[in-house]
Amino acid sequence: MAKSKRAKVVSLTKTLKKARPAKTAHIDTIRECVDRYRFIYIIQVANMRNNLMKKVRSDWATSKFFFGKNKIVGVALGRTPDDEYKPNLCKLSSCLKGDCGVMFTDSPLEDVTAYFDAGEVAEFARAGFESTIDFIANQGPLDFPFSMEPTLRQLGLDTKLNKGVVELVHDHKICAIGDVLTPEQCRLLKLFGQMIATFRIDASAMWTDGQFQSLTPYQMDQQQ
C-alpha cells in the first residue's frame, strides 16, 4: 500500500536552519545602521495607522525605521555591557518593550521632536480604544440616507423611516468616558464623525556617540 503524502514528516531542524540566515541578516542590517547614523531613537506610536506611518517614512526617506522583532533588535544592539555592539547600547536595548520601534537618523532630537509634535493627526477610534468622551445621539431626524436605516438598527439604534427620512426614536448613548469600545460603537462614532483617537509618535530614548539618554515620553493612555 502506498504511503500517504499527507502523513509526510517534516524535520523541524530544516525550518530552523532557514530562519537563522534571515535573523543574521537582520542583525547585520541593524548594526550597519548603528555605524551609519549619528542618532538612534526608541519611538512609541499611539494609534498606529499604516497610511500615516507610510507618510512619516516618506518624509524621513534618508532615515531608517524598524518595527517589531524586538528580541532580534536587542541582540543586534546588545543586551549587556559585555555583548553590546557599542558603548551604552545595552541601555537603549532595555527600552525595547511593548509596541515600539527604532529610528536611525542623522537628525538631532530637536528636529525629530518638532516633527513628531507637528504630526499629530485626529483619527477614528478602533475596537479596544478607551473612550475619552460621552456621546449621545439625539432623538429626531438623522442626516443619513434612507438606505442606511437597516444598518443603523443593526448597530443598536432604535430608528425608523418617516417619509424617507431616517429618525431616531429616542436618545441613544453611544459611549461614555472610560468605555472600552466595541466594533459597533466605533462604527457608530465614525458614522457620526467623532474622531476621538490621535495618531502620535514620541521618542522615549536616544543614543548618540556612545551616550544614552532616557526621554520623557508622551503619556499615551489611548495607545492602541
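Rings of Phe, Tyr and Trp (its six-membered ring) pair if their centres lie within 6.5 Å; planes under 30 degrees apart count as stacked, over 60 as edge-to-face and the rest as tilted. With that in hand, let's work through some exercises.

The model is predicted, so local features need pLDDT of at least 70, side-chain atom pairs count only at pLDDT 80 or more, and totals for chains, interfaces and linings use all residues. Residues are numbered from 1 along each chain as its sequence is written, and side-chain values use heavy atoms, with hydrogens and water left out.

**Exercise 1. Find the aromatic cluster and describe its ring pairs.**

Step 1. Ring pairs join Tyr37, Phe66 and Phe104 into a cluster. The structure holds seven aromatic pairs.

Step 2. Take Tyr37 and Phe104: the ring centres are 6.4 Å apart and the planes meet at 45°, so this pair is tilted.

Step 3. Now place the two residues. Tyr37 sits in the loop between helix H1 (12-36) and E1, while Phe104 belongs to strand E3 (residues 100-105), so the pair ties together parts that are 67 residues apart in sequence. Helices (H or I, at least four residues) and strands (E, at least two) are DSSP runs, numbered from the N terminus.

Step 4. Tyr37 and Phe104 are both buried. Buried means under 20% relative accessible area, exposed over 50%, and partly exposed in between (1.4 Å probe, protein chains only).

Step 5. For contrast, look at Phe39 and Tyr41, an aromatic pair that is stacked, with 6.1 Å from centre to centre and 10° between the planes. Phe39 counts as buried at 7% relative accessibility, and Tyr41 is buried at 0%.

**Exercise 2. Trace the salt-bridge network around Arg200.**

Step 1. Which residues are linked in a network of salt bridges? They are Asp117, Glu120, Arg200 and Asp202. The count of salt bridges comes to seven.

Step 2. Glu120 forms a salt bridge with Arg200, where the closest N and O atoms are 2.2 Å apart. This pair also links distant parts of the chain, 80 residues apart, with Glu120 in the loop between helix H5 (109-118) and E4, and Arg200 in strand E10.

Step 3. Arg200 also meets Asp202 in a salt bridge, at 2.6 Å from N to O.

Step 4. Glu120 is partly exposed, with a relative accessible area of 38%; Arg200 is buried at 8%, and Asp202 is buried at 9%.

**Exercise 3. Work out how the strands pair.**

Step 1. Start with strand E10 (residues 197-208) and strand E11 (residues 211-214), which pair in the antiparallel sense over four bridges. Two strands pair if DSSP finds at least two bridges between them.

Step 2. E10 and E11 form a hairpin with two residues between them, and Asp209 in the turn has a positive phi of about 50°. Thr208 stands opposite Gln211 in E11.

Step 3. Turn to the open sheet of three strands, whose order is E6-E8-E7 with antiparallel pairing. Strand E6 (140-141) and strand E7 (159-162) stand at the edges with a single partner strand each, so one side of each is left without a neighbour in the sheet.

Step 4. E7 pairs with strand E8 (residues 165-168) in the antiparallel sense over four bridges, and Leu168 in E8 is the bridge partner of Thr159.

**Exercise 4. Judge the confidence of the model.**

Step 1. The mean pLDDT of the chain is 89, and 88% of its residues reach 70 or more. The pLDDT is the predictor's confidence in each residue, from 0 to 100.

Step 2. Over residues 218-224, pLDDT stays under 50. Where pLDDT is low, the predicted coordinates should not be read in detail.

How values were computed. Contact = heavy atoms within 4.5 Å. Salt bridge = Lys/Arg side-chain N within 4 Å of Asp/Glu carboxyl O.
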